[in-house]
Amino acid sequence: MKKIYSILFMLVALVATVNAQETSKGDAYKGVLTIQLGEGEDAGEPLELPDQTVYIDMNEDGTSCTFGLYDFAMGPDAVLGDIVVENVTMGTDENGNTTYNGEKKDIVLFLNGSPIFADATVSGTEDAAGNLTMTIPVIWKTGIGDAAPMMTINVTFDGQKEGTSGVESVAGDGVKVYA
């Protein structure tokens, strides 16, 4: 009987350890997510959600990344799901600014338990100081594949990479910097 309890204890400990390990989502950027339903005259009022986080996880090749907007929500009580765009192409200019461009087809999100089918495009820039601006139009469709679009959900993100102070450099003779 002791052996059975020991085995059960080890299995519970193993499961708890596996659940406790969090997979890295990449570099976190905190900022404001702005959501606006529709376009033109049919556009609703923009909804600004402060203290939001997006993630950029650099791929091994250094020329592409995965963009993650986890727990994408239309408001505090309307979480739709994750928008994850893989193989986002990246480019860097001589000033250290990085551009991002990518798309993901047939994302399945959920609104009140019902599926929403969508395509998303990701484009934006990050300056050398870690300030990130992204445009993420999400096209809500009637189904998977080439289904007709129902509505555009215009999403923008303006934020800064976590762990950056916004100070690019300090120069001087005898300057002391305290963090």
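## A78 and its loop

A78 sits in the loop that links β3 to β4; strands, like helices, are DSSP runs numbered from the N terminus (E, at least two residues, for strands; H or I, at least four, for helices). A78 is partly exposed because its relative accessibility is 23%. The class limits are under 20% relative accessible area for buried, over 50% for exposed, and partly exposed in between (1.4 Å probe, protein chains only).

Leaving out residues up to four places away in sequence, A78 touches F72 and A73. Contact here means heavy atoms within 4.5 Å. N112 is 34 residues from A78 in sequence, yet the C-alpha to C-alpha distance is 7.7 Å.

## Model basis

The model is predicted: local features need pLDDT of at least 70, side-chain atom pairs count only at pLDDT 80 or more, and totals for chains, interfaces and linings use all residues. Residues are numbered from 1 along each chain as its sequence is written, and side-chain values use heavy atoms, with hydrogens and water left out.

## Overall layout

The protein has one helix and nine strands. Along the sequence the order is α-β-β-β-β-β-β-β-β-β. Of the 179 residues, 30% are buried.

Take the contacts between residues at least 6 apart in sequence: 45% of them join residues at least 24 apart.

## The nonpolar core

In soluble globular proteins, nonpolar side chains tend to be buried together. Here the largest nonpolar core has 30 residues. Such a core is a set of buried Ala, Val, Leu, Ile, Met, Phe, Trp, Tyr and Cys residues joined through side-chain atoms within 4.5 Å. F67, F72, I83 and Y100 have the most contacts inside this core. Strand β4 (residues 79-92) gives the most to it, with five residues.

I83 touches F67, G68, L69, F72, I107, L109, A120 and V138, leaving aside neighbours within four places in sequence.

## Around Y70

The count of aromatic pairs is one. Rings of Phe, Tyr and Trp (its six-membered ring) pair if their centres lie within 6.5 Å; planes under 30 degrees apart are stacked, over 60 edge-to-face, the rest tilted. Y55 and Y70 make an edge-to-face pair, 5.7 Å centre to centre, with 65° between the planes. Y55 is in β2 (residues 47-58) and Y70 in β3 (residues 64-73), so the pair ties together parts 15 residues apart in sequence.

Y70 counts as partly exposed, at 23% relative accessibility. K25 lies over the face of Y70, 4.6 Å from the ring centre. That label requires NZ of Lys or CZ of Arg within 6 Å of the ring centre and within 35 degrees of the ring normal.
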